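Have the model open and follow the points in order.

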Amino acid sequence: MEKRNIYLSLILLLTLLSAIFIYQISISNTIQTNISRIKSNSSNKHTNNSDSKSSKADTSTSDNSTNNSSTNDNSKSSNSSDNSNSDSSSSDTSQTDNTDEVKKIAITFDDGPHPKYTLKLLDGLKERNVKATFFVIGENVSNNPDVIKRMAEDGHLIGNHTYSHVQLTCISEEKAITEINKTSELITTYAGVSPKYIRPPYGMYSDALKRETNLTPVLWTVDPRDWSVLNTDSVVKHVLKRAKSGDIILLHDIFDTSVEAAFQIIDALKAEGYEFVTVDEFIKVN
Ligand SMILES: [Zn+2]
């Protein structure tokens, strides 16, 4: 009886063990399935990610506008770096401005010499250490030899403005040449230098006269019409509003208002770093 009981309990035990074994296998299978599911899911996710990446890449490649905008952004940033460059270059510019004072400008006076206003002008120019260019009329040279002598002594450039302020293209070539040569001779006599430049009255000149006289014509770039307005303030405002490096300012030293304007213009432009030069720095002789 006891043996039977033992057998029975052994069989029960074995059954139980096998049941446990089977159960464990099924569990492990489930776990493995789950794991593989999870794995497959996660690999799917990866695939999705790579898809989204590739789709992103597609977007970025196919969406030209995106590219363009990014390019634009790049260009913007390069612009901004350009800006910073230009900022630095602007500081460079200001450096050149500083080194410069290379901002050069010429102030010129026509129709003198005048016994009073030209002398006043010469005093003011000397005080300011400014060299100017004078285009003188032969008649006035004859009448004011001391003034033109001083003009030359002070180091200003003297040019020809005809003997009697005629419009050279309205008279015969012979008369025109006489007007010019007579004045050049007077300048040579009183100033001790032979003029190389001419400012033809009203800006009118001809190729024939250029060849015949061998003088280089000089016009102007800033004209406040000082002879017409006869007002210091408006002349100063006109010039300061327009003046830039390389300009040739036209004034007339036969008016007190113009001489006063010249001083204010010089003081203001010097404060801005301008250097006053004579026109031979801008216009080389023929
Ligand atoms: Zn004139």
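1. Let us begin with a pairing. Ala 106 of strand 1 sits across from Ile 248 in strand 6. Please keep in mind throughout that this is a predicted model. Strand 1 and strand 6 run parallel, and five bridges link them.

2. Now for Ile 248 itself. This residue belongs to strand 6, which covers residues 248–252. Is Ile 248 buried or exposed? Because a residue counts as buried once 20 or more other C-beta atoms lie within 10 Å of its own, Ile 248, with 20 such atoms, is buried.

3. Which residues does Ile 248 touch, leaving aside those up to four places away in sequence? They are Ala 106, Thr 108, Trp 220, Thr 221, Val 279 and Phe 282.

4. Along the chain, Lys 104 and Ile 248 are 144 residues apart, while 9.6 Å separates their C-alpha atoms. Lys 104 also has a place opposite Glu 275 in strand 7.

5. Strand 1 deserves a point of its own. The strand spans residues 104–110 and is mostly covered, with six of its seven residues buried. Besides its pairing with strand 6, strand 1 is joined in parallel to strand 7 (residues 275–277) by three bridges.

6. Strand 2 (residues 133–136) is another parallel partner of strand 1, again through three bridges. Here Thr 108 has Thr 133 as its bridge partner.

7. What do strand 1, helix 3 and strand 2 make together? They form a β-α-β unit, and its hand is right.

8. From there, follow helix 3 (residues 117–127) to helix 10 (residues 256–271). The two axes come within 9 Å of each other and cross at roughly 10°. Angles under 35 degrees count as roughly parallel, so helix 3 and helix 10 are described as roughly parallel to each other.

9. Which residues make this helix contact? Helix 3 supplies Tyr 117, Lys 120, Leu 121 and Gly 124, and helix 10 supplies Asp 256, Val 259, Ala 262 and Phe 263. Sorted by class, the contact has five nonpolar residues, one polar residue and two charged residues.

Technical notes
Residues numbered from 1 in each chain as written. Predicted model: local features only at pLDDT ≥ 70, side-chain atom pairs only at ≥ 80, totals over all residues. Axes fitted to C-alpha atoms, helices over the stretch in contact; angles between N-to-C directions. Helix = DSSP H or I, 4+ residues; strand = E, 2+ residues; numbered from the N terminus. Parallel < 35°, antiparallel > 145°, perpendicular 65-115°, else oblique. Contact = placed C-beta atoms within 7 Å. Nonpolar A, V, L, I, M, F, W, Y, C, P; charged D, E, K, R; others polar. Buried ≥ 20, exposed ≤ 12 C-beta atoms within 10 Å, placed from the backbone. Pairing = 2+ DSSP bridges. Right-handed = clockwise from strand over helix to strand, strands pointing away.
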